[in-house]
Amino acid sequence: MSERHPIVAVTGSSGAGTTTVRHAFQDIFRRENITAAFVEGEAFQCYELEERMRLIRQAQTEGRALSLFGPEMHQLDRLEAFFKEYSEHGTGQIREYVTPDNQEELGLPAGTFTPWRALPKKTDLLVYEGLHGGMVARTWTRRTMSPSHNPAVIERRSITNGNSGVDIPQYVDLLLGVVPVLNLEWVQKIHRDTNVKGRTPEAVTNTILRRLRDYTNFITPQFSLTDINFQRVPVVDTSNPFIARDVPTADESVVVIRFRDPWRYDFPNLLKRIHDSCMSRPNTMVIPGGKMSLAMEIICTPLVHELLEKRTNLTV
């Protein structure tokens, strides 16, 4: 972590709601006159869309489950190096992934990348939004038997949850997780991909199943490392997400907020400011779903101030 150049990382799977957190931080920064650099995890993918889909199809024919959630599709070592450089110097190289929403602005075809460019100068902090802000994948050494059964042979291998040997959150000052309960996440993805991307429900279901192993191994473990988790829970039936006709609204949900270090927070004040909220455990708040953005701003504004105060004290 770096007090001089703080990093905030928001981690969660595609469609989980990480963009909501980004908008909350943008409101904080605009109100507090803070200059922040934003970077999306998509910028650190290895391949453009056409090549990525070709590799996924090839893996399927070979009986392998390759997905966007796993390390094979991402430059995790470059992401770690980027965080390290920013934490030490406030600099780094970024690019953007072109989507149908921004392709007119960027002037490039969807599914491609812009060239790498330098971050803006003199930013107060960095905000990352993507899949792997809390990714840890270490290598290990284990003793294996050689063909001659020589027990002295040592083989270096990777653990099952990654082969890139990275520790990304070591450079993160505030790590946030956004994670709907799994059935709700699937409902959101099915409706988004069928209504916005024009995919069939069967194709989306196949994608969900193909990603499930990588979701378990690479996405879920990050939520044990987060400082705060925001988990949206529907209060309507989503027991079969593959036949749900619509996505539960904010008013049909509650948000469970888990704090890793509860001693840092003034819960009586938070309960007073976020109406209809309650404590379900000493480290867990439950709030109405429609107040998720408000809660993020109320909870995170003092944390941002704390990061910037430490930074200011170092530069004085």
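Biologist: In this predicted model, is the crossing of α5 and α6 left-handed or right-handed?

Modeller: The crossing of α5 and α6 is right-handed, a term used where the near helix is turned clockwise from the far one by less than a right angle.

Biologist: What are the angle and the distance between the axes of α5 and α6, and why is α5 called oblique to α6?

Modeller: Helix α5, residues 182-195, packs against helix α6, residues 201-219, at an angle of about 140°, and their axes lie 10 Å apart. Roughly antiparallel would require an angle over 145 degrees and roughly perpendicular one of 65 to 115, so α5 is oblique to α6.

Biologist: Which residues of α5 and α6 make the contact?

Modeller: From α5 the contact takes Leu182, Glu185, Trp186, Lys189, Ile190, Asp193 and Thr194, and from α6 it takes Pro201, Val204, Thr207, Ile208, Arg211, Leu212 and Tyr215. By class, these residues divide into 8 nonpolar, 2 polar and 4 charged.

Biologist: Turning to the strands, why is β1 described as largely enclosed by the rest of the structure?

Modeller: Buried requires under 20% relative accessible area, and 5 of the 5 residues of β1, residues 7-11, are buried, so the strand is largely enclosed by the rest of the structure. Ile7, Ala9 and Thr11 point one way from β1, whereas Val8 and Val10 point the other way, and all are buried. In a regular strand, side chains alternate between the two faces of the sheet.

Biologist: Which strands are joined to β1, and by how many bridges?

Modeller: Two strands pair if there are at least two bridges between them, and β1 is joined to β5, residues 125-130, by 5 bridges and to β10, residues 174-178, by 4 bridges. Strand β1 runs parallel to β5 and also parallel to β10. Ile7 stands opposite Leu126 in β5, while Thr11 stands opposite Gly177 in β10.

Biologist: What makes β2 and β13 the edge strands, and what is the strand order of the sheet?

Modeller: The open sheet holds 8 strands in the order β2-β5-β1-β10-β11-β12-β14-β13, with mixed pairing. Strands β2 (36-40) and β13 (278-281) are its edge strands, in that each pairs on one side only, and the twist from one strand to the next averages 20°.

Biologist: In what sense do β12 and β14 pair, and over how many bridges?

Modeller: Strand β12, residues 253-259, and strand β14, residues 284-288, pair in the antiparallel sense over 5 bridges, and Thr284 in β14 is the bridge partner of Arg258.

Key:
Residues are numbered from 1 along each chain as its sequence is written. This is a predicted model: local features need pLDDT of at least 70, side-chain atom pairs count only at pLDDT 80 or more; totals for chains, interfaces and linings use all residues. Side-chain values use heavy atoms; hydrogens and water are left out. Axes are lines fitted to C-alpha atoms, for helices over the stretch in contact, and angles run from 0 to 180 degrees between N-to-C directions. Helices (H or I, at least four residues) and strands (E, at least two) are DSSP runs, numbered from the N terminus. Angles under 35 degrees count as roughly parallel, over 145 as roughly antiparallel, 65 to 115 as roughly perpendicular and the rest as oblique. Contact means heavy atoms within 4.5 Å. Ala, Val, Leu, Ile, Met, Phe, Trp, Tyr, Cys and Pro count as nonpolar, Asp, Glu, Lys and Arg as charged, and the others, Gly among them, as polar. Buried means under 20% relative accessible area, exposed over 50%, partly exposed in between (1.4 Å probe, protein chains only).
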